Amino acid sequence: MPKINVSNDNEAPVEIYYSVIGTGPHKLFFVNGMGSISQQWDYQVEYFSQFEQFSICVFDNRGSGFSTATPGRYTTSLLAKDAYKLIEHLEWETVHLVGLSMGGMISQELAHMLKDRVASLTLISTYSKFNGLPVPKSEEKFSPLKLAGSSFSVVRSLLKPPVRGGIEEFADQTEWLEQNSKLPSKTHLTNYEVVRQFMIDRYSQTGLQSSAGRSGQRSACLTHYFDKRLTELADYDYPKLVITGDSDSIVRQPASSQYLADKLKAKLVIYPNGGHALRMQDPEWHNQTLMEHFLEAIHG
């Protein structure tokens, strides 16, 4: 199991788990969201590993999966430093950065560190600063009191550990994909059943996120602030893409992504009725959208 030590000064050993697939010259670096593990990029790894021009790296952020969960508060800058050390370890000169949710926040910091070593930047379902809770469409005209109550239930996974039970109880939380999804399945299973088994299979390998990891990553999401540096990234001429769904129940969208795209001078793509995890909601569309973006960066 490949890991690297990314410990900072006076810090106990911190190991980051990673996996590299392929040996192509164009390097794809996928950055996870809060609580996610590298295996949740499996649909993307399966797709892009078909093409010899790509090398793919997926990894577990500090506090998730097989990586060390250190105590205390994390920042997106700290998590980006971990990722930067991984890129240096891989000796990748330039990278195509793809970040989802918290991974998008980390990718903003990471792009700032890498400067012109970024080949392309993709930010998915994310923000440059915390701007409040999403408002369910069905409740837009309700009172602030009612909105506060319902919004708390929407984001309680951000405020508490993912689940007190086991992996199957955790997988039961995937019901948000039951209706609006285009998951690859050659069986008679519903979308919900496919996603539930997907989650059980993968988290059975790593175990659920620890309380320390959850608390640390939660702090990173809530304190992320990259707003004033967006114009610095905009000055780089590599292609930038911002992707979001318009029915995200975790991040206020599409407003957050519209703001990012405007500041970064990036292309904005909004998936109709799309939720937070578009990589799983419609993998084929997601992967083809990324491929077009990568090819633009490669061929101009």
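Predicted model: local features only at pLDDT ≥ 70, side-chain atom pairs only at ≥ 80, totals over all residues.
Let me start with Asn10, which sits in the loop between strand 1 (3-5) and strand 2 (15-21), where helices (H or I, at least four residues) and strands (E, at least two) are DSSP runs numbered from the N terminus. Asn10 has a positive phi of about 60 degrees although it is not a glycine, and with a relative accessible area of 87% it is exposed. By exposed I mean over 50% relative accessible area, by buried under 20%, and by partly exposed anything in between, with a 1.4 Å probe and protein chains only.

Residues are numbered from 1 along each chain as its sequence is written, and side-chain values use heavy atoms, with hydrogens and water left out.

Lys265 also has a positive phi, near 55 degrees, in a residue other than glycine. Lys265 is in the loop between helix 9 and strand 8 (267-271), and at 67% relative accessibility it counts as exposed.

Now the chain as a whole. The secondary structure comes to eleven helices and eight strands, and of the 300 residues 51% count as buried. Taking contact to mean heavy atoms within 4.5 Å, we find that among contacts between residues at least 6 apart in sequence, 76% join residues at least 24 apart. The chain exposes about 13900 Å², of which carbon and sulfur atoms supply 50%; these areas come from the Shrake-Rupley method with a 1.4 Å probe, and for residues only the protein chains shown count as cover.

Which residues touch the most other members of the largest nonpolar core? A nonpolar core here is a set of buried Ala, Val, Leu, Ile, Met, Phe, Trp, Tyr and Cys residues joined through side-chain atoms within 4.5 Å, and in this core of 43 residues the answer is Phe29, Phe59, Leu86, Leu97, Leu110 and Leu121. Helix 2 (residues 76-90) gives the most to this core, with seven residues. A second, separate core of 19 residues includes Phe30, Val58, Ile124 and Phe294. Returning to Leu97, and not counting residues up to four places away in sequence, its contacts include Phe29, Leu110, Leu114, Val118 and Leu121.

Strand 3 (residues 26-31) is mostly covered, since five of its six residues are buried. Two strands pair if DSSP finds at least two bridges between them, and strand 3 is joined to strand 4 (residues 54-59) by five bridges, the two running parallel. The chain passes from strand 3 through helix 1 (residues 42-48) to strand 4 in a right-handed β-α-β crossover, which is to say that, with the strands pointing away from the viewer, the path from the first strand over the helix to the second runs clockwise. Strand 3 also runs parallel to strand 5, with four bridges joining them, and Phe30 stands opposite Val98 in strand 5.

Is Ser101 buried or exposed? At 10% relative accessibility, Ser101 counts as buried. Its side chain makes a polar contact of 2.8 Å with the side chain of His276, a polar contact being a pair of N or O atoms within 3.5 Å where, within protein, one must be able to donate a hydrogen and the other to accept it, and where residues adjacent in sequence count only if both atoms are side-chain atoms.

Finally, His224 lies in the loop between helix 7 (211-223) and helix 8 (230-234), and at 2% relative accessibility it counts as buried. The side chain of His224 makes polar contacts with the side chain of Thr76, at 2.9 Å, and with the side chain of Gln108, at 3.1 Å. Leaving aside neighbours within four places in sequence, the residues in contact with His224 also include Met105, Glu109, Tyr127 and Phe130.
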